Amino acid sequence: MSKKYKYGFIGAGNMGSAMISGLLESGLAEKKDITFITSHEDSAKKTEDRFDISRSADAATLSKESSVIILAVKPAQLNDILSLIRESLDAESIVVSVAAGRSISDIESSLLSITVAGRLRVARAMPNTPAAVGEAMSAVCFNDRFSEDDKEIVLSIFRSFGAAEEIDEGLMDTVTGLSGSSPAFIYMLIEAMADEAVRRGMKRDKAYTFAAQAVKGSAEMVLKTKKHPGELKDQVTSPNGTTIAGVCALEERGFRSAIMEGIDAAIRRSEEMSQN
């Protein structure tokens, strides 16, 4: 992807900042290739100071001067933003929304004008909070006006601060539970692991380090070896050993079913919110 693109960010909060950081640190974009706008003056000043990038005069100007427009705003703000930029887009524009719960068709219906009717490229993405440390898992879906090269432009943005995969839009609620909400469950797991170590005499900071690294290393084993998690679990469980004793205790208390129910609850709530 040798061509350089102009990226315009509407919104520069935690997610917007993570995306800007990824673009710059990966070399996908230079400072001069990125502009932003935000309604919060404090956030604007922090973004300018941190990244040394230009702040646009307004949303319409930003969208007119950018080839890729990233809508990194809250869902409640999206309609107002779309009304501000719709007349500034052309058939070459790529619009990417990270606003949760807003479908591509919903965004399209708010953006279509005589100029770009039937030709506008709209993508929807859902990164998760580990984006802040460059370890996001992002799901991305596209309308039917994207070529494979166009898709790569968008996917490369999200891969600059983690991993990203294209999915069918119908799976976005599932992604909400699987990777969007689940970091909270993992934090609960790490906290519980550390609590028991503290109860057994380990200092709190060291307990968190051991627990977090165990989770991180285990995840890397799944990703890098491509082995089934059950196979990796079996490799640790020696006959009559410590690990199988722990596995049995967790199974007796419904560990796996509790995780599944937590993911399911998050998915169902996402479905409810998407219908409102």
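Contact here means heavy atoms within 4.5 Å. Keep that in mind for what follows.

First, the ground rules. This is a predicted model, so local features need pLDDT of at least 70, side-chain atom pairs count only at pLDDT 80 or more, and totals for chains, interfaces and linings use all residues. Residues are numbered from 1 along each chain as its sequence is written, and side-chain values use heavy atoms, with hydrogens and water left out.

Now the overall picture. The chain has twelve helices and eight strands. Both are DSSP runs numbered from the N terminus: helices are H or I, at least four residues, and strands are E, at least two. The C-alpha trace spans about 70 × 40 × 35 Å along its principal axes. Of the 276 residues, 39% are buried. Buried means under 20% relative accessible area, exposed over 50%, and partly exposed in between, with a 1.4 Å probe and protein chains only. Take the contacts between residues at least 6 apart in sequence: 65% of them join residues at least 24 apart.

On to the sheet. All eight strands form an open sheet with mixed pairing, in the order S3-S2-S1-S4-S5-S6-S7-S8. Strands S3 (54–55) and S8 (162–166) stand at the edges with a single partner strand each, so one side of each has no neighbour in the sheet. Two strands count as paired if DSSP finds at least two bridges between them.

Let me walk along it. S1 (residues 7–10) and S2 (residues 34–37) are parallel, over four bridges. Tyr 7 sits opposite Ile 34 in S2. Within S1, Tyr 7 and Phe 9 point one way, Gly 8 and Ile 10 the other, and all are buried.

Val 95 has Val 122 in S6 as its bridge partner. S7 and S8 are parallel, joined by five bridges. Val 140 has Glu 166 in S8 as its bridge partner.

So where does Ala 139 sit? It is in S7, residues 136–142. Six of the seven residues of S7 are buried. Ala 139 counts as buried because its relative accessibility is 5%. Leaving out residues up to four places away in sequence, Ala 139 touches Arg 124, Ala 125, Met 126, Glu 165, Ile 167, Met 172 and Val 175.

Next, the cores. A nonpolar core is a set of buried Ala, Val, Leu, Ile, Met, Phe, Trp, Tyr and Cys residues joined through side-chain atoms within 4.5 Å. The largest has 34 residues, and Tyr 7, Phe 9, Val 68, Val 154 and Phe 158 have the most contacts inside it. Which helix gives the most to this core? Helix H6, residues 148–159, with five residues. Val 68 touches Tyr 5, Lys 6, Tyr 7, Gly 8, Ile 94, Val 96, Ile 153 and Ile 157, again not counting residues up to four places away in sequence. Apart from this core lies another, of 25 residues, including Leu 62, Ile 107, Leu 111 and Leu 120.

One last distance. Ala 139 and Leu 62 are 77 residues apart in sequence and 25 Å apart in space, C-alpha to C-alpha.
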